[in-house]
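Please look over the sequence and the 3D structure shown here. The report that follows goes through selected residues, ring pairs and overall values.

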Amino acid sequence: MIDISLTSTAFNLKGITSKCFVHRVECILVGLTFVKVPGGDYKLFFTIYLLWRYTLKSCVDVPLLIHPLVDDNGLDIYLSDSINIIDRCNTQFPLLTGCNTTADFVRVLYEIIATDKSIQHNFVLQMKIYELIYGVAIYLNNIEIAQDVYIRISNQISSWNTKIFNYWYGDKDTTLLNLLEFEANRHRIVKNVDINASDPKVIKLPIYKFLEPHEIYG
């Protein structure tokens with residue numbers, strides 16, 4: 001089996017739990033989670049946690065995105081498989097590099113919604129990705145992207161099961177109105193990120209920022 005530390009080092013990740021290795025990108029934690037399966041092997045998942053909930057524990061208890069590393073047939077890969085894990089991570093998880101623009105981040109997450117069958121048919125999982133995009137946009141004060149998320153949700157929300165939606169997110173109309181509270185949401189998100197980023201577990205992590213296009217292309 002590939003040494004977990006080699007994979008973590010390749011992407012400049014540090015442990016925030018015993019099986020989850022991440023770096024910080026502005027207001028989120030991006031990294032890899034190693035999940036042990038029967039027989040002693042591991043599966044590998046790309047994970048993103050947010051940093052704007054009220055406590056760090058509530059942020060890292062459950063990732064908003066968890067995406068498996070798969071083979072050419074779309075089947076989950078085991079770390080004991082004879083493949084180049086690092087190369088596959090580079091190909092399948094471009095956001096792991098830590099050197100991405102905001103546009104890259106948004107594009108990749110929208111592509112996951114559009115292409116992952118388990119997410120296409122599950123609006124709760126879609127909403128988690130929308131929350132990620134919206135929160136990053138608000139944190140960066142990119143209202144254009146935040147408005148786009150609002151429009152996408154508002155165009156679909158009437159078709160989503162109301163009882164299930166209410167269980168997870170509350171009233172639909174209230175949810176839509178809250179998404180338009182850009183200034184209040186930004187104040188809350190920035191405040192909570194600042195608090196959670198001061199935790200010793202987060203302070204030790206490598207830090208990246210979303211790049212502007214000219215910083216990549218010159």
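## Two asparagines with positive phi

N141 lies in the loop between α6 (123-139) and α7 (143-156). Helices here are DSSP runs of H or I with at least four residues, strands are runs of E with at least two, and both are numbered from the N terminus. N141 is not a glycine, yet its phi is positive, at about 60°. With a relative accessible area of 48%, N141 is partly exposed. Buried means under 20% relative accessible area, exposed means over 50%, and partly exposed is in between (1.4 Å probe, protein chains only).

N12 also has a positive phi, near 55°, and is a residue other than glycine. N12 sits in the loop between α1 (4-10) and β1 (14-15). Its relative accessible area is 35%, so N12 is partly exposed.

## About the model

This is a predicted model: local features need pLDDT of at least 70, side-chain atom pairs count only at pLDDT 80 or more, and totals for chains, interfaces and linings use all residues. Residues are numbered from 1 along each chain as its sequence is written, and side-chain values use heavy atoms, with hydrogens and water left out.

## The whole protein

The protein has 12 helices and 6 strands. Its radius of gyration is 18 Å, close to the 17 Å that the globule rule gives for 218 residues, so the protein is as compact as a globular protein of that length. The radius is taken over C-alpha atoms, and the rule is 2.2 Å times the number of residues to the power 0.38. The C-alpha trace spans about 50 × 35 × 35 Å along its principal axes.

How much of the protein is buried? Of the 218 residues, 46% count as buried. The accessible surface comes to about 11400 Å², and carbon and sulfur atoms hold 54% of that. These areas come from the Shrake-Rupley method with a 1.4 Å probe; for residues, only the protein chains shown count as cover. Now take the contacts with a separation of 6 or more: residues 24 or more positions apart account for 56% of them. Contact means heavy atoms within 4.5 Å.

The protein carries 20 positive and 23 negative charges, and their mean positions are 7 Å apart. Lys and Arg count as positive, Asp and Glu as negative; His and the chain ends are not counted. Each charge is placed at NZ of Lys, CZ of Arg, CG of Asp or CD of Glu.

## Aromatic pairs

A search of the whole structure finds 9 aromatic pairs. Rings of Phe, Tyr and Trp (its six-membered ring) pair if their centres lie within 6.5 Å; planes under 30 degrees apart count as stacked, over 60 as edge-to-face and the rest as tilted. The rings of F21 and F34 have centres 5.8 Å apart and planes at 80°, so this pair is edge-to-face. F21 lies in strand β2 (residues 20-25) and F34 in strand β3 (residues 28-36), so the pair ties together parts 13 residues apart in sequence. F21 counts as buried at 18% relative accessibility. F34 is buried too, with a relative accessible area of 1%.

F46 and F93 form a stacked pair, 5.1 Å centre to centre with 20° between the planes. F46 lies in strand β4 (residues 42-50), and F93 in the loop between α3 (85-92) and α4 (102-115), so the pair ties together parts 47 residues apart in sequence. Both F46 and F93 are buried. Elsewhere, ring pairs link F123, W160, F165 and Y169 into a cluster.

I28 lies in strand β3. At 0% relative accessibility, I28 counts as buried. Leaving aside neighbours within four places in sequence, I28 is in contact with several residues, including H23, I48, W52, F105 and F210. I28 and Q126 are 98 residues apart in sequence, and their C-alpha atoms are 18 Å apart in space.

Helix α3 holds Q92. Is Q92 buried or partly exposed? At 25% relative accessibility, Q92 counts as partly exposed. Not counting residues up to four places away in sequence, Q92 touches P68, L69 and V70. I85 is found in helix α3. At 2% relative accessibility, I85 counts as buried. I85 and L6 are 79 residues apart along the chain, and their C-alpha atoms are separated by 9.9 Å.
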